Amino acid sequence: MRLYDLPAGAVTTTGSGITTVEAHELREGDLIKVGGTTVIVTGTAPSDLPGMTRLPISYHPYDTETVRTQWWTLPSDSLLTPVVLLRTEHVDCALCKPGENSYEVVVDRVSEGRVQSWVCEAHLEQPPALPPVARTALPDATAEEAITYNRARKALPIAQLLVRSRRSTCTEAEIDAAGLALGWPTVSPETRAAVRANFGVLRTGPKRYRR
């Protein structure tokens, strides 16, 4: 299953960012670019030489239909330019019960990076109706007061969603997933701290929360 085959929901990834790959990290099916030519790694093989990697590769010279195959032996830490690096990740819905909604997903490290969080459609919610931002609600507030206010208005809905989802913990991944479910792809470290405070209050005073 590729990343785009995941059931409906919301997903965040680290995005592209890999510009080099070491020779020993290559696997069958990887595509790299060498001197302007795209080369396909067709397998891996052990090397008798310490610190060296042995790779079978194939390519089309000069963009022709001809296919050439070669064996390369190169230092394991040689840096190469990747084009496609498909890797399998285990992805769970961050707000479902652990193991209840999980998939093995193939992700391209070059164009997609790694999966940071996935939330299934069942947990997606409409963005909450929030009070106005500090600039409108507190026009005379200091910069510090405005920042604290804006973080608080975002932190409480995230904490409430975690409680409604019956989470017993409030990890960074769970906070980010709840934020994603509410339509916020990123949550700052300071807002996470506010979420944890709200989560603790809501968890220790459930009767007051239910009212």
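Student: How many bridges join strand 5 to strand 6?

Tutor: Strands of a sheet pair through backbone hydrogen bonds, either parallel or antiparallel. In this predicted model, strand 5 (residues 52-59) and strand 6 run antiparallel, joined by eight bridges.

Student: In what order do the six strands of the open sheet come?

Tutor: The order is 2-7-3-4-5-6, with antiparallel pairing. Strand 2 (21-22) and strand 6 (68-75) are the edge strands. Each of these two pairs on one side only.

Student: In which sense do strand 8 and strand 9 pair?

Tutor: Antiparallel, over seven bridges. D92 stands opposite S102 in strand 9.

Student: Which residues of strand 8 are on the covered face, and which on the uncovered one?

Tutor: In a regular strand the side chains alternate between the two faces of the sheet. For strand 8 (residues 86-92), the covered face has R87, E89 and V91. The uncovered face has L86, T88, H90 and D92.

Student: Now the rings. What describes a pair of aromatic rings?

Tutor: The distance of the centres and the angle of the planes. The count here is one aromatic pair. The ring centres of Y103 and W118 are 5.7 Å apart and the planes stand at 80°, so the pair is edge-to-face; the cut-off for that class is over 60 degrees.

Student: Where in the chain do Y103 and W118 sit?

Tutor: Y103 is in strand 9 (residues 102-108) and W118 in strand 10 (residues 115-120). They are 15 residues apart, so the pair links distant parts of the chain.

Student: What lies over the face of W71?

Tutor: R54 does, at 4.3 Å from the ring centre.

Student: Last, the cysteines. How many disulfides does the structure hold?

Tutor: A disulfide is a covalent bond between the sulfur atoms of two cysteines. This structure holds zero.

Student: Are C93 and C120 buried or exposed?

Tutor: C93 is buried, with a relative accessible area of 4%. C120 is buried too, at 6%.

How values were computed
Residues are numbered from 1 along each chain as its sequence is written. This is a predicted model: local features need pLDDT of at least 70, side-chain atom pairs count only at pLDDT 80 or more; totals for chains, interfaces and linings use all residues. Side-chain values use heavy atoms; hydrogens and water are left out. Rings of Phe, Tyr and Trp (its six-membered ring) pair if their centres lie within 6.5 Å; planes under 30 degrees apart count as stacked, over 60 as edge-to-face and the rest as tilted. Helices (H or I, at least four residues) and strands (E, at least two) are DSSP runs, numbered from the N terminus. A charge sits over a ring if NZ of Lys or CZ of Arg is within 6 Å of the ring centre and within 35 degrees of the ring normal. Two strands pair if DSSP finds at least two bridges between them. A disulfide is a pair of cysteine sulfur atoms within 2.5 Å. Buried means under 20% relative accessible area, exposed over 50%, partly exposed in between (1.4 Å probe, protein chains only).
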